[in-house]
Amino acid sequence: MNLKTGILLTLILLFGFKANAQNCNFSIRGKIVHLENNEPIEAAYVWVVEAEEGAVSDQNGNFTVKNLCSGTYTITIQYLGHKDIRDIVKIESNTFSKTYRLEDEAMELSGVEIHGHRDAVQTTTAVSSLYGENLLESRGENLGESLKRISGVSTFSTGNSIAKPVIHGMHSNRIMIMNNGIRLEGQQWGAEHAPEIDPFLADEITVIKGAETVRYGPEAMGGVILVNPAPLPTKKTSKTNLNFVGGTNGRMGNLNLAHVGGSDKIKGLGYRIQGSAKRSGNVKSPGYFQENTGVNELNLSTSLGYSSTKLGIEAYYSLFHSELGILKDSHTGNLSDLKDIIENGRPFADGEFSYDIVNPKQRVTHHLAKLKSHYHISESWKLNFQYGFQLNHRQEFDKRRGNLNKKASLDLELYTNTIDLYVNHTHKNELSGTWGISLIQQANTNVPGTGVTPLIPNYDMVNAGLYAMEKFSKGPLEVEAGVRYDFRNVSTARYINQELRTSDLAYQNLSAFIGGLYHISPDLTFNSNLGSAWRSPNVNELFSEGLHHGAAAVEIGDPDLESEKSLKWINELQYDGQKTHLEFTAYLNPIRDYIYLNPTGETYVSLRGTFNVYEYVQANAFFYGFDFAGSYQFTTKINGYLKGSIVQAKNIDNDSYFPFIPSNRMDWGVSYDFAKASDSRTNKITLSNVLVARQNREPDFDIAPAPPAYALFNLAYQKQLTLGENKLNLGLQVQNLFNTSYKDYMNRFRYFTYDMGRNVLLKINYEF
Amino acid sequence: MKTTNKLYLIALVLISFTILSCDSEDPVPENDGELITDVTLTFQEIDVNGDEVGEPFDFTASDTEGIEIGSTPEIETVMLAKGKTYQMSISVYNSVAGEDITEEISEESDEHQFYFLGSAFVGTPILTYEYDDEGGINLGLKGIVKVDQSPTLNNANMQILLRHALDKSYPGATNPTFTDYAQAGGESDLDITFPVVIE
């Protein structure tokens with residue numbers, strides 16, 4: 001299906017659901033949210049006094065009272081721990097709908113619980129989340145792999161251990177990853193630089209598919225990934241969560257332990273501590289081992305928070321440490337070596353299993369600390385302050401000679417300070433908004449002594465942003481708009497051939513968005529968002545000058561590159577019925593001055609041999625496509641799901657395609673539930689099938705053609721047991737059930753090897 | 001909000017920024033340690049008894065600029081005489097870091113091996129090569145080159161490949177003119193083609 005038919009379908013659905021009005025067939029629709037943070041309230045009680053009709057709000061806070069005649073009614077809304085609302089309304093047509101904001105009165109009533117604060121995503125754009133059972137099933141995978149479960153998200157990977165999430169064809173510096181509210185700042189420009197984040201710290205991972213530069217700052221052009229822990233407890237509690245994941249392929253073991261607690265003595269004081277360790281060895285493709293593909297990971301996160309009615313403070317720290325081997329055969333000496341292995345299609349040797357990690361390898365340590373505080377100035381105004389500190393230390397070791405083997409050939413230290421100061425306001429008169437300033441300061445240093453001319457220079461960057469956005473909600477309609485101004489200064493310094501080269505660059509930009517969400521009926525929602533975004537060229541795009549061993553390429557930057565300017569229009573239709581759930585997303589995304597690495601067709605000849613020469617250039621790009629996800633309950637026992645995505649990325653200037661854009665993909669599955677209807681505990685088996693098409697939209701030049709289409713089958717069994725008051729979740733999964741040999745277009749190592757073969761995983765989760 | 005509160009906050013932001021902001025370090029020039037800028041082939045004629053005859057002579061290939069687009073290495077033509085036998089030794093040098101890489105290759109002889117390919121070694125070969133390294137290992141820093149008595153051609157190419165991290169026990173890998181060297185794994189540290197003229 002192409003885009004036009006997609007839009008047409010959207011329109012048909014839109015008009016098809018219009019209800020017709022009759023005299024005594026009116027209804028009152030509404031939405032109930034928390035006054036202080038706009039989060040929906042589930043199970044609030046709504047009563048229409050005159051009609052003696054009632055309703056209870058659903059999980060999205062929506063309610064409907066049907067079969068009302070025209071007239072004036074008194075509505076009362078009640079929810080535990082909140083002030084009652086009494087509203088008098090006049091019903092003359094069927095369009096009545098209103099948002100009610102309930103005020104927390106927790107502190108006035110002693111002994112009533114204070115709910116933990118959590119900033120929900122307050123956006124009208126397309127959002128998908130991974131949580132609960134789905135997140136549990138993804139445990140043991142890295143962030144990129146986990147996110148593949150969301151339609152429209154795929155990965156750009158380097159082997160099996162490095163996976164970068166791709167949203168609608170964009171990755172690296174064009175999307176943003178937030179670790180508990182702080183924008184993750186690593187060396188994300190590199191294709192082989194995985195996000196430095198432990199998915200175990202998350203209780204929910206959310207993907208925003210629209211351009212969200214106004215809210216999150218430049219570079220949030222393709223989308224935002226929010227990795228959020230659960231809110232801290234505000235009352236006395238003690239909960240521990242233990243996860244174990246074991247996998248046969250790579251003989252992987254992954255252990256995670258998390259503990260949350262709340263204080264009895266000090267009301268509102270809570271903490272969390274979490275740590276995980278992962279070890280895996282050489283991965284097996286059908287028929288052989290991929291040598292030097294082990295991973296060692298050690299992660300830690302902890303937070304302490306206090307919240308009262310007026311004040312909230314949270315301190316958070318996370319550590320990510322990983323050491324991972326890079327497939328031995330991917331390190332090629334020159335173009336002739338590269339051609340030899342591409343022709344062979346797989347490593348020359350069969351390899352053997354080992355946990356040892358030797359050069360080439362990466363060692364990355366990422367520290368992130370944040371301090372966040374909010375203060376309720378008044379009933380409707382909230383002041384927020386957030387400070388974040390990050391230190392990213394990345395070392396990459398190459399296969400070298402003698403003592404040089406012990407030295408990293410890339411050794412970068414990146415310090416980032418971020419400050420966000422903003423006010424939220426929410427009013428009973430249906431208007432809410434956020435105004436703020438955001439500052440980023442960054443310093444990048446090449447640690448001397450590598451014996452290699454650094455790929456990117458040392459630099460200092462300062463970015464200041466000023467933004468404001470307002471949302472108007474009235475009944476089923478929410479309209480939102482915002483604007484942001486950013487200023488960025490980058491100064492760089494480096495030596496090339498003993499000669500100091502410096503530069504000072506300044507960029508500024510204005511971005512804006514407008515979006516809306518409309519509840520066509522209680523179970524059907526349509527949203528649309530048009531957002532502009534920009535991204536200044538990254539230092540590697542400006543200043544790269546050197547050899548990229550894996551690609552046998554010399555990559556050359558261009559200091560005169562301009563900022564990329566993008567406009568993304570995204571539309572989503574969501575249907576949440578009794579048995580059916582449907583999500584359909586379509587987008588158009590033109591980008592001016594899109595920066596990409598283009599083969600020049602020239603070669604560079606040295607004593608080492610010949611290399612291809614690539615340079616960073618700009619072209620006008622047009623990205624468009626759609627995602628869909630749906631599920632249907634055939635019987636109480638049998639469920640089915642289907643999801644898929646199509647991305648098109650055209651280079652308009654020369655009517656060709658960009659490299660490394662995901663090919664068409666689809667994923668469907670059927671599950672059978674063994675559990676009795678009375679039993680809420682999971683006990684089901686799922687068979688799923690992933691279908692990935694060949695990338696026929698290939699760029700004019702690639703060192704190897706796109707690999708053929710493939711189909712994979714996976715089997716998963718999930719069972720929940722109760723041991724006393726504790727919960728035990730058991731999962732058994734078989735990935736790549738038939739041990740299929742395949743290559744994925746989005747894996748850079750498709751030049752050197754087939755992907756991973758069959759993997760049997762055991763996942764145990766115990767909550768006590 | 002009171003003005004004093006506001007001022008306090010702004011001050012707090014500014015102070016924290018000044019204290020916590022850190023600048024990047026000044027860059028330090030790096031000498032590329034991996035770079036090979038000069039490769040010298042030294043030929044010493046020997047007689048049937050292996051005794052040296054006359055003075056040694058050499059031919060070089062050099063690329064002083066390292067990674068720089070547009071420059072090509074300067075490679076001298078190897079001139080050898082018909083029917084003669086030479087001991088050929090290879091020395092490898094990095095002029096940027098001032099390092100003799102020959103020694104490093106010798107120390108890591110278990111991970112390195114030279115292969116000699118090109119038209120001089122195919123068909124009815126003009127040249128034949130045998131490893132002659134100390135300790136009888138297959139490395140190629142030293143070797144014996146024999147020039148055919150009546151060569152079919154008087155000019156040809158000699159491709160010198162230095163393979164790193166290969167499987168030296170791979171079947172056929174002990175042959176110095178092994179054309180399927182790629183099958184033994186590893187990567188090329190050097191790949192130079194010298195023109196050869198037979199006088």
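I began in chain B, where β7(B) and β10(B) pair in the antiparallel sense over six bridges; strands (E, at least two residues) and helices (H or I, at least four) are DSSP runs numbered from the N terminus, and two strands count as paired if DSSP finds at least two bridges between them. Within this pair I looked up B:Phe114, and its bridge partner in β10(B) is B:Leu162.

Before going on I noted the conventions: the model is predicted, local features need pLDDT of at least 70, side-chain atom pairs count only at pLDDT 80 or more, and totals for chains, interfaces and linings use all residues. Residues are numbered from 1 along each chain as its sequence is written, chains are lettered from A and ligands numbered from 1 in the order in which they are written, and side-chain values use heavy atoms, with hydrogens and water left out.

**Entry: the sheet in chain B**

I traced the open sheet to which these strands belong, and found four strands in the order β4-β11-β10-β7 (chain B), with mixed pairing. β4 (78–80) and β7 (112–117) of chain B are the edge strands with a single partner each, so one side of each has no neighbour in the sheet. Direction ignored, neighbouring strands of this sheet are turned against each other by 30° on average, where axes are lines fitted to C-alpha atoms, for helices over the stretch in contact, and angles run from 0 to 180 degrees between N-to-C directions.

**Entry: the interface**

I then turned to where the chains meet, and counted 53 residues of chain B in contact (heavy atoms within 4.5 Å) with 57 residues of chain A. Between them the two chains bury about 4,600 Å², 58% of it on carbon and sulfur atoms; buried area here is the accessible area (1.4 Å probe) that two parts lose on being put together, summed over both.

For charged pairs I used the salt-bridge rule, a side-chain nitrogen of Lys or Arg within 4 Å of a carboxyl oxygen of Asp or Glu, and the count between chain B and chain A is six. In one of these salt bridges B:Arg163 meets A:Asp337, at 2.8 Å from N to O.

Polar contacts follow another rule, a pair of N or O atoms within 3.5 Å, where within protein one must be able to donate a hydrogen and the other to accept it, and residues adjacent in sequence count only if both atoms are side-chain atoms. By that rule 15 residue pairs are in polar contact across the interface, both residues being at pLDDT 80 or more. Which elements of chain B each supply at least two residues of the side that touches chain A? They are α1 (3–20), β1 (38–46), β2 (57–62), α2 (101–107), β10 (155–164) and β11 (187–198), and β11(B) gives the most, with six residues.

Over all chains the salt-bridge count comes to 35. I looked up A:Lys209 and A:Asp627, which form a salt bridge with the closest N and O atoms 3.3 Å apart. This pair links distant parts of the chain, 418 residues apart, since A:Lys209 is in the loop between β13 (204–208) and α4 (213–216) while A:Asp627 is in strand β34 (residues 609–633).

From β34(A) I followed the pairing onward: 13 bridges join it to strand β35 (residues 638–651) of chain A, and the two run antiparallel, forming a hairpin with four residues between them. A:Ala621 stands opposite A:Asn651 in β35(A). On β35(A) I found another antiparallel partner, strand β37 (residues 665–673), joined by eight bridges, with A:Gly669 as the bridge partner of A:Tyr641. Strand β36 (residues 656–657) also runs antiparallel to β35(A), over two bridges, and A:Lys650 stands opposite A:Tyr657 there. The hairpin of β35(A) and β36(A) has four residues between the strands, and in it A:Asp655 takes a positive phi near 50°.

**Entry: backbone exceptions in chain A**

Most residues other than glycine have a negative phi, and most peptide bonds are trans. A:His168, not a glycine, has a positive phi of about 50°, and I placed this residue in the loop between β10 (162–167) and β11 (175–179) of chain A. The peptide bond from A:Asn359 to A:Pro360 is cis, with omega near -5°, and A:Pro360 lies in the loop between α5 (335–344) and β22 (361–376) of chain A.
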